[in-house]
Amino acid sequence: MNQSEIGVELVKSKWQQASDVEREQVLLELKQLGLSITDAILALRNSGFYSLGEAKEYISTSPAWHVEVENGKVLHEVAWQVLDDFVASQRQQSRQP
């Protein structure tokens with residue numbers, strides 16, 4: 001059984017009857033098992049409790065995944081800046097004879 005399958009089984013076994021606090025504990029357990037944030041999102045999605053968008057939203061507000069969410073925001077901003085810089089440099093090069 002791979003990490004994603006373990007995540008789905010854990011969510012299926014504990015999620016439906018869990019309180020909000022217990023659900024947060026499940027998300028923390030997924031993290032402690034070594035699942036990535038993407039794996040955790042897929043575990044919620046593949047367990048049948050959420051759509052992909054709902055699972056992403058749920059994880060994005062989870063205290064258990066706060067650091068990863070914030071790091072993802074920073075990475076996203078840096079990636080856009082690199083892309084903008086690249087596009088600007090390409091435009092500048094295309095103007096040169």
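The model is predicted.

**Helix 1**

- Helix 1 runs over residues 3–14 and has 12 residues. From first C-alpha to last, helix 1 reaches 17 Å, close to the 16 Å expected at 1.5 Å a residue.
- Four residues of helix 1 are buried: G7, V8, L10 and V11. They sit on the same side of helix 1, because they cover an arc of only 165° around the axis.
- An α-helix has 3.6 residues a turn, so residues three or four places apart point the same way.
- The packing partners of these buried residues are helix 2 (20–32) and helix 3 (37–46).
- The N-terminal end of helix 1 is capped by N2. A side-chain oxygen of N2 lies 2.8 Å from the backbone nitrogen of E5.

- Leaving aside neighbours within four places in sequence, V11 is in contact with V26, L30, A43, L44, S47 and F49.

**Helix 3 and what follows**

- The buried residues of helix 3 are D39, A40, I41, A43 and L44. They pack against helix 1, helix 2 and helix 4.
- T38 is also in helix 3.
- T38 and S4 are 34 residues apart along the chain. Their C-alpha atoms are separated by 9.4 Å.
- G48 follows helix 3 and has a positive phi, near 90°.
- S47 lies in the loop between helix 3 and helix 4. S47 is buried, because its relative accessibility of 10% falls under the 20% limit.
- Not counting residues up to four places away in sequence, S47 touches V8, V11, K12 and L42.

- With residues up to four places away in sequence set aside, Y58 touches W15, R23, L27, L44 and Y50.
- Y58 and L44 are 14 residues apart in sequence. Their C-alpha atoms are 8.9 Å apart in space.

**Salt bridges**

- K14 and E29 meet through their side chains in a salt bridge, 3.0 Å from N to O. K14 lies in helix 1 and E29 in helix 2, so this pair ties together parts that are 15 residues apart in sequence.
- Both residues of that pair are partly exposed. K14 has a relative accessible area of 36%. E29 stands at 24% relative accessibility.
- E68 and K31 form a salt bridge, also listed at 3.0 Å from N to O. E68 lies in helix 5 (residues 66–95) and K31 in helix 2, so the pair ties together parts that are 37 residues apart in sequence.
- E68 is partly exposed at 27% relative accessibility. K31 is partly exposed too, with a relative accessible area of 27%.
- E70 and K73 form a salt bridge of 3.2 Å, N to O. Both lie in helix 5, three residues apart, about one turn of the helix.
- E70 is partly exposed, with a relative accessible area of 31%. K73 counts as partly exposed at 44% relative accessibility.

Definitions and conventions: Residues are numbered from 1 along each chain as its sequence is written. This is a predicted model: local features need pLDDT of at least 70, side-chain atom pairs count only at pLDDT 80 or more; totals for chains, interfaces and linings use all residues. Side-chain values use heavy atoms; hydrogens and water are left out. Helices (H or I, at least four residues) and strands (E, at least two) are DSSP runs, numbered from the N terminus. The expected span of a helix is 1.5 Å times one less than its number of residues. Buried means under 20% relative accessible area, exposed over 50%, partly exposed in between (1.4 Å probe, protein chains only). The arc is that of the directions from the helix axis to the C-beta atoms. Contact means heavy atoms within 4.5 Å. A polar contact is a pair of N or O atoms within 3.5 Å; within protein, one must be able to donate a hydrogen and the other to accept it, and residues adjacent in sequence count only if both atoms are side-chain atoms. A salt bridge is a side-chain nitrogen of Lys or Arg within 4 Å of a carboxyl oxygen of Asp or Glu.
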